[in-house]
Amino acid sequence: MAVSPRIRLIYYAKLSKPRIIWLLDLAALAGAFLTGKILLINLIAVLIGGTLASGGSMIVNEGVEIDRDKVMKRTSKRPTVMGYVSKKEAIIVGSTLLGIGSLIGLIANPLTALFILLGGLIYIFVYTIWLKPRSPLNIVIGGFAGSAAAWAGYAAMTNNFTLASLLLGLLIFMWTPGHFWSLALKFKEDYSKAGIPMLPVLLPEKSAAKYIAISNILMIPFALILYLYVGMIYLVIASIFSAILLLFSFKLLKNPTGEEAWRSFKISAPYLAILLIALIIIKIV
Ligand code: HEM
Ligand SMILES: CC(C)=CCC/C(C)=C/CC/C(C)=C/COP(=O)(O)OP(=O)(O)O
């Protein structure tokens, strides 16, 4: 379809899921600041490279998923579903962006580039193509894609992968199921219609709420343990916000409705953001 380059850019900006990219960038920033030493050029490289690569991966995801997105109300207006961007075009443009983003990571070092590429490849091949249509563990394993952002940020400063970066990545990995199952519980019908076996589609609401609570409880030690590298002020902040997150999980457990699941989802991104921002600020001052 012939549209102006400006409109085309808007389609691609939408397809890149910018609301998710900022948190991935924040994870990369937290990884970088966790090292305690900042190399400015490398920091810029990992942020620009990570943004292009994650945006590109999302565009490939939407190219691959046109038939699933078509069926779900939440995703039915995407430029790919509307026919504004074809499957082939989304896959080519998205993979090119993933490639360029990974190459920009090379400005920092090869390990950074590798983690950026790994994040995109896990999201596209392991999550989107392999597990999403087949297994309720799809987003559990897919969570490693988010961890890769933190590992890339850490590697950009140190050219290394250490226990500290492993733990930050595991926080994101452990956070992902609670984040996503809350959303899937709210949009249970959508996922069911599309035949995607998200856990809340397969289980009664009460059991889904139980898994969300369990996964959030299991995540909290990973949130707190980072105090070893960040200090007591971080521990206090992480404890307070973890308690708030748990409160939302228990409210959902008591009242496992779509509305309560939506609240649990809406608190999950700010929760992770606050912990990551606290880590960054404490490391700066
Ligand atoms: C496989 C793992 C994940 C799945 C399946 C998932 C799924 C989703 C979905 C479907 C949305 C709604 C998107 C929309 O329509 O706008 C969303 C929102 C979001 N996700 Fe995730 N996500 C995952 C991991 C992550 C990770 C690792 C991060 C960042 C570290 C992240 C950050 C966000 C943010 C910031 C939002 C927007 C929240 C809002 O609208 O309030 N997600 N996620
Ligand atoms: C370092 C690096 C490049 C990391 C990239 C990792 C990455 C893109 C993680 C995102 C995970 C995510 C937002 C999934 C969305 O689910 P979905 O696709 O099922 O959502 P949908 O139902 O809205 O299509």
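Student: By class, how many residues of the shell around ligand 1 are nonpolar, polar and charged?

Tutor: This is a predicted model. The shell around ligand 1 holds 19 residues, of which R19, R74, H179, F180 and K266 come nearest. Sorted by class, the shell has twelve nonpolar, four polar and three charged residues.

Student: Which element gives the largest share of the shell around ligand 1?

Tutor: Helices α2 (18-34), α7 (138-158), α8 and α14 each supply at least two residues of this shell. The largest share is six residues, and the element that gives it is α8.

Student: Which protein residue is the donor to the iron atom of ligand 1?

Tutor: The iron atom has a single donor from the protein, an NE2 atom 2.2 Å away. The residue that carries this atom is found in helix α8 (residues 163-186). The donor is H179.

Student: Which residues line the largest cavity?

Tutor: The count comes to one cavity of 30 Å³ or more, and the largest cavity holds about 30 Å³ of space. Helices α8 and α14 (258-284) each give two or more residues to its lining, with four from α8. By class, the lining has two nonpolar, six polar and no charged residues. The lining residues are W175, G178, H179, S182, N216, L245, S264 and S268.

Terms used:
Residues are numbered from 1 along each chain as its sequence is written. Chains are lettered from A and ligands numbered from 1 in the order in which they are written. This is a predicted model: local features need pLDDT of at least 70, side-chain atom pairs count only at pLDDT 80 or more; totals for chains, interfaces and linings use all residues. Side-chain values use heavy atoms; hydrogens and water are left out. Donors are N, O and S atoms within 2.8 Å of the metal (3.2 Å for Na, K and Ca); water is not among the atoms, so sites may look incomplete. On a 1 Å grid over the protein atoms alone, a cavity is a set of points where a 1.4 Å probe fits but cannot get out, and a pocket is an open set with protein on both sides within 12 Å along at least five of seven lines; lining residues have an atom within 4 Å of a point. Grid points are joined across faces, edges and corners, and a volume is the space filled by probe spheres set on the points. Ala, Val, Leu, Ile, Met, Phe, Trp, Tyr, Cys and Pro count as nonpolar, Asp, Glu, Lys and Arg as charged, and the others, Gly among them, as polar. A residue is near a molecule or strand if one of its heavy atoms lies within 4 Å of it.
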